[in-house]
Amino acid sequence: DMAMKSDLQIAREARLEPIEHVANRASIPESYLEHYGRDVAKVSLDIEQAHEGRPRAKYVVVTAVTPTPLGEGKTTTAVGLAQGLEKIGRKTMLALRQPSMGPTFGIKGGAAGAGYSQVLPMEKLNLHLTGDFHAITAAHNLLAAMIDNHLHQGNALDIEPHSISWRRVVDVNDRALRNTIVGLGSRIDGVPRQTGFDITAASEVGVILSLATSLADLRARLGRIVVAYTRSGEPVSAEDLHAAGAMTVIMKDAIKPNLLQTTENTPVLVHAGPFGNIATGNSSVIADQVGSRCGDFLLTEAGFGADMGAERFFNIKCRTSGLHPDAAVLVVTVRALKAHSGRYKVVAGKPLPPDMLADSPEDVLAGADNLRKHIEIVRTFGVSPIVALNVFPDDHDDEIDAVRRVAEQEGAHFAASTHVVDGGNGAMELARAVVDACDQPTDFRYTYDLADSLETKIEKIATEVYGADGIDISPQAAKDLAHFEELGYGRLPVVMAKTHLSLSHAPQLKGRPTGWRLPVREVRAAVGAGYVYAICGNMRTMPGLGAHPAAERIDIDDNGQVVGLF
Ligand SMILES: Nc1ncnc2c1ncn2[C@@H]1O[C@H](COP(=O)(O)OP(=O)(O)O)[C@@H](O)[C@H]1O
Ligand SMILES: O=COP(=O)(O)O
Ligand SMILES: [Mg+2]
């Protein structure tokens, strides 16, 4: 029937190849695979020796304009583009984050792509995959248990209990766990204190997995995690609590990237899953280092808009891996630009307002300043942007032409892509634009030097990337910054924890906000992962479930098949 089949139907009908065939096409010999069933395998890190000296692939990051709560299709377009590049004869590896089960059962749904551009098997991908998120949760919570045990055993390190910043994590949207009291009961039940849970995708252990360059580096970063301070203000690390070794043992398989395939059997490495608003929002350095030797192109996606995941990709991930991008695909949708016109109210968890689907190129143009600003953001890193219009079923031709005109006026490459409906064939124009862009020279640059002060780093990101007039540091944040500079964390890069729904800190400021200043409320340090992060506005590290979470629609049918999973 003409109506689009559901993602699940397409996923079920897709003909998967045995994963060793997919690996072979990515120049990964079977001897480096550790099978997890027929369709998923981990890749041994020894592959790096086998790949020594192979040419590096062209490196492309997929980012987006400021998204609506549903997301505009970076993951989906990255899958479609990988398939499109294969269609024009370019061997391509795609590196994506592992979806968190939080959004899968919450508002956003699965993060495995859509239609004929999906990563398969999607049930495995959106649920447990190979258990890496469970390993992150276990390692994170072992450290938490060892902190409370240290207090119970007499607190030899003289930890100030109120300074303990290390919380627990769980991979579910559970607002009731945001603020908890542990240690209740009698004396043998521990020391009472207030703490709470974050979602696993916010775990610093998970960010460390995404930034570690080897098992030894993973061990070193885990050891450097600062969980609290002593009463005299000295940092207390996981190493001080003798927890880092056991945590590394729990993580020793998680550090190997997971190989899967797309609807058209294109290879995909899925590894690590930090969110792009409260953390770094990128897949792992290790997967990119492996993927960089697997063919002609390596694509990877960075969470949320270019002001979020891509800013962390350029300033932190590339600085860590030493890999520099050759181009950036900037995903835009008609619906996102209409939302930026300010004429519609798009609410998370609710369907789009129906009048938003009417043919209205003027509403698209009214929101186009957000696209123009994101083109400028990509260019501040010295990288050439390819504007990729991710075509939705309700888009009208004159709306698509309006976006094309804006991109061309800005001198950016442009391609409309119908990869969700047409698979790789729908992304061939985009693939050719990417090939052209990658042939142009880049003068890649960071926003800041590591030698800049922490405050200068924050100010440069706020003014050069977001377009703020300046930053307003609260008294608390000023104290935090002084404390971190004194502790020697001044040379660390900075993650800006702010809303992803606006270029500014205020979700309701759509389009291209001007004449505003970025308030920095508090500053924290992820010393293990190796960055300081500035809290700008209300940040949720434990999302909640909506009135009717996706979980209510997910079930098992009479044949034991999963239904309702996106
Ligand atoms: N062209 C499209 N047509 C229909 N649905 C789409 C299309 N592109 C993306 N989607 C859906 O939109 C949601 C967000 O897509 P995703 O690729 O996860 O975005 P991002 O990675 O930018 O958050 C997903 O549910 C996906 O299935
Ligand atoms: O961290 C957010 O990632 P997406 O933009 O892919 O949802
Ligand atoms: Mg995504």
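This is a predicted model: local features need pLDDT of at least 70, side-chain atom pairs count only at pLDDT 80 or more; totals for chains, interfaces and linings use all residues.
K338 has a relative accessibility of 2%, so it counts as buried. I start with this residue because buried means under 20% relative accessible area, and a lysine at 2% falls under that cut-off.

What does the side chain of K338 meet? It meets the side chain of E399 in a salt bridge, at 2.6 Å from N to O. K338 lies in helix α13, residues 334–340, and E399 lies in helix α16, so the pair ties together parts that are 61 residues apart in sequence. E399 is buried as well, because its relative accessibility is 1%. As background, side chains of opposite charge can pair when their charged atoms come close.

Let me stay with helix α16 for a moment. The patch lies on the surface, and the residues gathered in it are D359, E362, D397, D398 and D401. Take D398, which is placed in helix α16. D398 is partly exposed, because its relative accessibility is 32%.

How many does a search of the whole structure find? The search finds 29 salt bridges. One of them joins the side chains of R231 and E160, at 4.0 Å from N to O. This pair links distant parts of the chain, 71 residues apart: R231 sits in the loop between β11 (226–229) and β12 (235–237), while E160 sits in the loop between α7 (132–152) and β7 (168–170). E160 is partly exposed, since its relative accessible area is 23%.

Another salt bridge brings together the side chains of E522 and R524, at 2.9 Å from N to O. Both of these residues are partly exposed: E522 has a relative accessibility of 22%, and R524 has 32%. There is also a network, in which salt bridges with shared partners join E34, K252, D253 and K256.

Now to the strands. Is strand β14 covered or open on its faces? Strand β14, residues 267–270, is covered on both faces. P267 and L269 point to one side, V268 and V270 to the other, and all four are buried.

Strand β14 has two pairings to show you. With strand β4, residues 92–96, the pairing is parallel and runs over three bridges. In that pairing L94 stands opposite V268 of β14. With strand β13, residues 258–262, the pairing is antiparallel and runs over four bridges. Here N258 stands opposite V270 of β14. Strands β13 and β14 also make a hairpin, with four residues between them. In the turn of that hairpin, N265 has a positive phi of about 65°.

Where is P507? It is in the loop between β20 (494–497) and β21 (517–520). P507 counts as partly exposed, because its relative accessible area is 37%. In sequence P507 and G537 are 30 residues apart, and in space their C-alpha atoms are 9.4 Å apart.

Notes. Residues are numbered from 1 along each chain as its sequence is written. Chains are lettered from A and ligands numbered from 1 in the order in which they are written. Side-chain values use heavy atoms; hydrogens and water are left out. Patches are made of residues with over 30% relative accessible area and no salt bridge: like charges are joined within 9 Å, nonpolar side chains (Val, Leu, Ile, Met, Phe, Trp, Tyr) within 5 Å. Accessible areas come from the Shrake-Rupley method with a 1.4 Å probe; for residues, only the protein chains shown count as cover. Lys and Arg count as positive and Asp and Glu as negative; His and the chain ends are not counted. The place of a charge is taken as NZ of Lys, CZ of Arg, CG of Asp or CD of Glu. Buried means under 20% relative accessible area, exposed over 50%, partly exposed in between (1.4 Å probe, protein chains only). Two strands pair if DSSP finds at least two bridges between them.
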